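My plan is to look things up piece by piece and jot down what turns up.

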Amino acid sequence: MLAELVARRKVWEDQAHTVVVGTGAGGATAARVLAASGVDVLMLEEGPRLRTPERPRDVIGALSSTLRDAGTQTTTSAHPIPLLQGVAVGGSTAVNSGIIWRMPEDVREAWVREHGLATLVDPAEMDRIYARIEEDLEVEVTGDEVLGGNATLMRYGAEKLGLPGRAMSRNARRCKGRSECLQGCPGERRQSMDVSYVPAAMADGARLRTHARVDRVWIEGGRAVGVKGFVVDPHSRRPVGRFRVRAKQVIVSAGVVHTPLILMRSGLRGLVGRRFQAHPGAAVVARFPEPVRMSFGATQGYEVPMRDRGFKLESLSLPPEMLAARLPGVGRAWQERVAHLDCYAQWCAQVRMEAKGRVVAGPLWPLVFYEPTERDLDRLQEALVLIARMMFAAGAVEVYLGVDGLPEVLRSERELDELASFRWKRGAIHLIASHLFGTAVAGADPARSVVGPDLQSHRIDGLYVMDASVFPTNMGVNPQHSIMAVVVRAAEQLARRSAGRRAA
Amino acid sequence: MRLTKIERRWLRALYEGFAPPAERGYTADGEGLAPKPGEVDHAAAFERLNGHASPLAQLGLRAAVWLLGSAPLWTRRRLAGIDGLPVEERVALLEDLARHRSALVRELTWLMKVQASMSLFGNAEIRRRSRYDEGREEGMPVRLKALRRGKLVEVA
Ligand SMILES: Cc1cc2nc3c(=O)[nH]c(=O)nc-3n(C[C@H](O)[C@H](O)[C@H](O)COP(=O)(O)OP(=O)(O)OC[C@H]3O[C@@H](n4cnc5c(N)ncnc54)[C@H](O)[C@@H]3O)c2cc1C
Ligand code: SF4
């Protein structure tokens, strides 16, 4: 205790032209662009830098070493929804499946029309930037040779029902189908930020400090002049020291939950923390009569985008710990199912929910108020029923919806029809959300947004937000590529301005 | 998050209810997915994961251990913890709790099953016996067969 108090008083100090808080999709991209144009960048990251061979392969190790609160951070509501966010160099990209989607045109148009973001998402510029990121991150459509049984069965089910499915584009050209994206790609084939843009930024001179949790932006005379924060212990994550960094500009990229908290602690109010949005989802498991072998194949390889219905279906392979937990039964009944662990497939649905929530600091820990609407839950139910139909079409012998209060095991489509005929109880579906948006939204109108189209705070000069927090809406597709593209666009403009100021 | 002695006993008894060990008369189908006695340190696995959990989740997990651990008392009116029941009765008790009329009880039972699963498969030897990873070594092409009108047909 005494040692902790003494350590807390230890301070390290540093300075840089630009300090970037967080090294996920947004932060790493900002650092990469600025460092490449000669700006002196310091990246501050709360989590550790884990080289792939050091990353634990078991789920307990993976969750506790790379996910915020070991994956137990949830919304504050009657039916809490786990919110998955990475805390490590690479942020959530260090644990994601590398699915790549460009921003759909209807979303881009809505941002221009309703939020005044025409310059930010200029179509010609966005096309150029997407192409560059796709080249850098080795984006490619998942080949048949690494689809694996789980995704191949999904393709078969989708074809049977005439659904618009396709193999996913992913940032893992040399994927060997190890199905371990969550634990970190063993051969570093998936180009998450920790193995791509962070090292690239460092090669261009950017510096990285890990275990550095930024507490607030240091503001003097209405201008950001640096950040202050805590050094955290690598194991306990408790503060063991303090730091202070002076900088000419500050980029906050701490993710949708923590970016608004940093802004609030820095004295920003108004819309900060509001307009939280997500793509919550759930999954269905099915047993097949012959081995599916989920352990082989891209973690996620096949998708059925149904944007007109408000959802997207995806194959999602699981490590054995998580797959076994999804199988019905207790005791011998459970063990019998677990004994055939190679015979299961799992497909999930992500819903573009209309619900909007709010992140607040809370007296003890951060609170995320968020409650799906009735329409959101109807869409989710429709999506799960459709997955179950695809599974039966693909020849499943048992389907496990995993919906509380409904039969654990379905053996025919007739049983499914009965369940589909009424609305399932709120809270009965185990939701989970990994695509989060909003909380420091961008827009031309300061009364309706936190940052402008250049992603600079409307109120504080030199303070930028560059991550998913600036998204004024969710999108209905996987967000990493769009986050990176929007950040490249803003960071290029910022780099030009910084170069101009340096020359002057 | 350190468990007390009684919590450790209950946790072990609970996990043995979900997956009874081989020695208790349950045949270890699939080459022994049932753990061997003493093979898994459940308390260590629980503490390892939950040491990093949010304060609220830690509270919830502790509540789950207490609620399920003391379930013989409030469901069966038996003056015993779950470790006081023979394994067959533990299985029956957990089945009841998984279908309990209270959603909270059902949720906490499910939560403990997830924990039990993580603890079991976090053990390298049990994971090996599950043969989960063998498919990875075999790679593509995966021959997929599915049931169509009562017959197995090749689909991919
Ligand atoms: C399991 C999972 C699977 C996913 N799969 C896909 C997918 O396949 N395709 C896709 O497009 N998207 C996917 N996503 C979503 C995608 O990864 C995220 O939307 C994206 O990474 C968000 O980028 P970000 O920069 O906003 O935040 P993050 O990438 O989460 O980065 C935030 C960073 O800030 C750091 N940080 C937080 N607070 C502080 C602080 N106070 N001080 C210092 N550092 C701090 C964090 O440690 C983290 O490194 C997935 C997400 C998860 C969790
Ligand atoms: S599926 Fe495996 S090999 Fe492919 S990217 Fe993911 S971890 Fe890497």
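Predicted model: local features only at pLDDT ≥ 70, side-chain atom pairs only at ≥ 80, totals over all residues.

**Entry 1: helix pairs in chain B**

I began with α1(B) and α6(B), whose axes come within 8 Å and cross at roughly 80°. An angle from 65 to 115 degrees counts as roughly perpendicular, so α1(B) and α6(B) are roughly perpendicular to each other.

Who makes the contact? On the α1(B) side I listed B:Ala13, B:Leu14, B:Glu16, B:Gly17 and B:Phe18, and on the α6(B) side B:Val87, B:Arg90, B:Val91 and B:Leu94. Sorted by class, the contact of α1(B) with α6(B) has six nonpolar residues, one polar and two charged.

Next I stayed with α1(B), residues 5–18, and looked at α4(B), residues 55–69. Their axes come within 10 Å, and the crossing is at roughly 70°. α1(B) and α4(B) are therefore roughly perpendicular to each other as well. From α1(B) the contact uses B:Ile6, B:Glu7, B:Trp10, B:Leu11 and B:Leu14. From α4(B) I noted B:Arg62, B:Val65, B:Trp66, B:Leu68 and B:Gly69. The class tally for this contact of α1(B) with α4(B) is seven nonpolar, one polar and two charged residues.

Then I went from α6(B), residues 87–98, to α7(B), residues 103–121. These two helices pack at an angle of about 125°, with their axes 8 Å apart. That makes α6(B) oblique to α7(B). B:Leu94, B:Leu97 and B:Ala98 of α6(B) meet B:Val105, B:Arg106 and B:Thr109 of α7(B). I counted this contact by class as four nonpolar, one polar and one charged.

**Entry 2: where chain A meets chain B**

How many residues of chain A are in contact with chain B? I got 60 residues of chain A, against 55 residues of chain B. The two chains bury about 5,000 Å² between them, with 62% of it on carbon and sulfur atoms. A:Ile60, A:Val330 and A:Gln335 supply 14% of the area that chain A buries against chain B, more than any other three residues.

I checked the charged pairs next. There are three salt bridges between chain A and chain B. I looked up the one between B:Arg48 and A:Asp58, where the closest N and O atoms are 3.2 Å apart.

Which helices of chain A supply at least two residues each to the side that touches chain B? I wrote down α3 (59–66), α6 (148–161), α9 (320–325), α10 (332–338) and α11 (374–393). The largest share comes from α6(A), with six residues. By class, that side of chain A has 31 nonpolar, 14 polar and 15 charged residues.

**Entry 3: salt bridges overall**

Over all chains the count comes to 52 salt bridges. I picked A:Asp14 and A:Arg207, whose side chains meet in a salt bridge at 3.0 Å, N to O. This pair links distant parts of the chain, 193 residues apart. A:Asp14 is in strand β1 (residues 11–21) of chain A, and A:Arg207 is in strand β6 (residues 207–209) of chain A.

Methods: Residues numbered from 1 in each chain as written. Chains lettered and ligands numbered in written order. Heavy atoms only, no water. Contact = heavy atoms within 4.5 Å. Buried area = accessible area lost by both parts, 1.4 Å probe. Salt bridge = Lys/Arg side-chain N within 4 Å of Asp/Glu carboxyl O. Helix = DSSP H or I, 4+ residues; strand = E, 2+ residues; numbered from the N terminus. Nonpolar A, V, L, I, M, F, W, Y, C, P; charged D, E, K, R; others polar. Axes fitted to C-alpha atoms, helices over the stretch in contact; angles between N-to-C directions. Parallel < 35°, antiparallel > 145°, perpendicular 65-115°, else oblique.
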